[in-house]
Amino acid sequence: MTIGLSRRHFAALGAGLLLPDLTALGGFGKSARAGQLPDVGQNLAETLPQPVPLFHFLNAAGRRLTLAHYRGEGLVVNFWATWCPPCRAELPSLVAINKVLLPDGIRVLPISVDSNGIQAVAPYYKAHGITGVPMLFNPNSSALQAFQVNGIPLTVIVNRKSEVVATLSGAGNWNSAGTVARVRQLVGPATGVGARPTATTPT
């Protein structure tokens, strides 16, 4: 899917070595908050539905997953890192909308590209009181290669057929009624048995 980097660049990205450039692209510094970010609803880049590219990521238990494991649910997939100020700024708004969207069978999946995986993310979640969303890890940045992007944050909206229907490159404030309505529209209505998250859905 086209939204390229060499392996060396992706290794640098995973290690946080591209942080200064990514911060500049975000247009703000370390003190940024979600409320200072532009509303996402009007800035999502809608695409023709296309299958999600194949990549693997891990959950906190070390289970190897793909986005296909969530087929039947809508997804807001956010690629981020603890060393990325724009990512950190928008994460609380993603956590907030997750609570709103879960009853519709839509969940937020924050996938960290920190090279240290759970060793970086678990302390960050604890320090910032992040709950309700899973800890997911793609430490080799294969997801970014799969989406052919050159920076984070990147957020991808996936419908219930495991198709990408919209993307956002860069950070935004997701916690608005307009954005929630837009995500629901893009994902489509819940139908059948898979309409709500279940205990068997990987987290």
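How many bridges join S4 to S7, and do the two strands run parallel or antiparallel?

A: Strands S4 and S7 are joined by 5 bridges, and they run antiparallel. Two strands pair if DSSP finds at least two bridges between them. Strands here are DSSP runs (E, at least two residues), helices are runs of H or I with at least four residues, and both are numbered from the N terminus. Before we go on, this is a predicted model: local features need pLDDT of at least 70, side-chain atom pairs count only at pLDDT 80 or more, and totals for chains, interfaces and linings use all residues. Residues are numbered from 1 along each chain as its sequence is written, and side-chain values use heavy atoms, with hydrogens and water left out.

Now zoom out to the sheet. It is an open sheet of 8 strands in the order S1-S8-S7-S4-S5-S6-S2-S3, with mixed pairing. At its edges are S1 (45-51) and S3 (64-65), each of which pairs on one side only. As background, strands of a sheet pair through backbone hydrogen bonds, either parallel or antiparallel. Besides its 5 bridges to S4, S7 has 5 bridges to S8, and that pair runs antiparallel too. You can follow this at Val156 of S7: Val77 stands opposite this residue, and its bridge partner in S8 is Thr167. In the hairpin of S7 and S8, there are 4 residues between the strands, and Ser162 takes a positive phi near 60 degrees. For a parallel pair, look at S5 (residues 106-112) and S6 (residues 136-137), which are joined by 2 bridges.

How hidden is S7? Here 5 of the 5 residues are buried, so the strand is largely enclosed by the rest of the structure. Buried means under 20% relative accessible area, exposed means over 50%, and partly exposed is in between (1.4 Å probe, protein chains only). In a regular strand the side chains alternate between the two faces of the sheet. In S7, Leu154, Val156 and Val158 point one way, while Thr155 and Ile157 point the other way.

Let's pick Val158, which is found in S7. This residue counts as buried because its relative accessibility is 1%. Leaving out residues up to four places away in sequence, Val158 touches Val52, Glu73, Gly74, Leu75, Val77, Glu163, Val164 and Val187; contact means heavy atoms within 4.5 Å. The C-alpha atoms of Val158 and Arg71 are separated by 9.3 Å, although the two residues are 87 apart along the chain.

Next come the helices. H3 (residues 85-101) lies across S4 (74-80), S5 and S7 (154-158), running at about 165 degrees to S4. H6 (residues 177-187) packs on the sheet as well, touching S1, S4, S5, S7 and S8 (163-169), and its direction makes about 50 degrees with that of S7. For these angles, axes are lines fitted to C-alpha atoms, for helices over the stretch in contact, and angles run from 0 to 180 degrees between N-to-C directions.

Thr179, Val180, Arg182, Val183, Leu186 and Val187 are buried. They cover an arc of only 160 degrees around the axis, which puts them on the same side of H6; the arc is that of the directions from the helix axis to the C-beta atoms. A handy rule is that an α-helix has 3.6 residues a turn, so residues three or four places apart point the same way. What covers the buried residues of H6 includes S1, S4, H3, S5, S7 and S8.

On the other side of H6, Ala177 and Gln185 are exposed. For Gln185, the relative accessible area is 57%. The side chains of Gln185 and Arg182 are joined by a polar contact of 2.8 Å. That term means a pair of N or O atoms within 3.5 Å; within protein, one must be able to donate a hydrogen and the other to accept it, and residues adjacent in sequence count only if both atoms are side-chain atoms. Finally, H6 is followed by Gly188, whose phi is positive, near 95 degrees.
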